[in-house]
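Hi,

Here is the structure I promised to pass on to you. Have a look at it first, and then read on for my notes on what turned up.

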Amino acid sequence: MRLNENTVIFGDRVILVPYRAEHVSTYHEWMKSPELLELTASEPLSYEEELEMQRKWHFDDDKLTFILLAQPETSTSTSNILEPSEIKKCKMVGDVNLFLPDGKTGQGECEIMIASKEDRRKGYAIEALSLFLSYLTITLPFDPSHLIARIGSSNKPSIRLFQKLGFGIIKHVKVFDEVELNFGVEDDKEILSDLGLEVGINKKVDWINKSLEGRLGKYD
């Protein structure tokens, strides 16, 4: 989707930038990992196929994606807003996506990936999703109640991540061994019990009222 082709979103821990050809080499290396292929339900692609996929992400109206960069731990800047030359030096850590198979009025499936184990549990994913969801619901615009996520039932950290963002488990698709979550609904307690998942989240992230003021920039 071309909506965000020149957009950068600055977070405190991560920076969201559009997926461009310059990112494909690193992304291709990531996707040689059997673990990531399994977690993302993906098939291995050649470098040329990955380039073609990047072009699809850019132009197809049913896909919206950002690459996640880590904010530098030390920076000469007094804020989180970096100059283009500084952004180019930031480490790629993952991506965040929205699929719209039925257009803007249908369901939108959200996905996030933090590629390296060393970059997980640093708060990147929850901040990136908060910024991304706020951006797409305001900018597309998109009805938050249509947001869903599909996650392998054994991937408890990802399930809990979406629960913290206000998504509730509504379905266990046994043939794929995955759960489906929907924003704004309560967890199905029977499914939670069957899968041995925790009940309730004491503190949820209110991303829907998150302001992007002062966080948006142009990605050259």
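**The cavity**

By class, three nonpolar and three charged residues line the largest cavity, with no polar ones among them. Please keep in mind throughout that this is a predicted model. The residues in question are Pro84, Ile87, Lys88, Lys218, Tyr219 and Asp220. The volume of this largest cavity comes to about 30 Å³, and the structure holds one cavity of 30 Å³ or more. In general terms, rolling a probe the size of a water molecule over the atoms shows where empty space is left.

Nine of them form an open sheet with mixed pairing, and their order is 7-8-6-5-4-3-2-1-9. Strand 7 (167–173) and strand 9 (216–218) each have a single partner strand, so these two edge strands are each left with one side that has no neighbour in the sheet. On average, neighbouring strands are turned by 25° against each other, direction ignored.

Strand 2 (residues 14–18) runs antiparallel to strand 3 (residues 63–70), and five bridges link the pair. Within that pairing, valine 14 is set opposite alanine 70 of strand 3. Helix 3 (residues 47–59) packs on the sheet, where it touches strand 3 and strand 4 (92–99). The direction of helix 3 makes about 110° with that of strand 3. Helix 6 (residues 156–164) also packs on the sheet and is in touch with strand 5, strand 6, strand 7 and strand 8. Its direction and that of strand 6 make an angle of about 160°.

**Around strand 6**

**Two backbone details**

Most residues other than glycine have a negative phi, and most peptide bonds are trans. Here are two spots to look at with that in mind. The peptide bond between leucine 140 and proline 141 is cis, with omega at about -15°. Proline 141 sits in the loop between helix 5 and strand 6. Alanine 41, although not a glycine, has a positive phi of about 50°. You will find alanine 41 in the loop that lies between helix 2 (34–39) and helix 3.

Best wishes, and happy browsing!

Terms used: Residues numbered from 1 in each chain as written. Predicted model: local features only at pLDDT ≥ 70, side-chain atom pairs only at ≥ 80, totals over all residues. Heavy atoms only, no water. 1 Å grid on protein atoms, 1.4 Å probe; cavity = no way out; pocket = protein on both sides within 12 Å on 5 of 7 lines; lining within 4 Å. Points joined across faces, edges and corners; volume = space filled by probe spheres on them. Nonpolar A, V, L, I, M, F, W, Y, C, P; charged D, E, K, R; others polar. Pairing = 2+ DSSP bridges. Helix = DSSP H or I, 4+ residues; strand = E, 2+ residues; numbered from the N terminus. Axes fitted to C-alpha atoms, helices over the stretch in contact; angles between N-to-C directions. Contact = heavy atoms within 4.5 Å.
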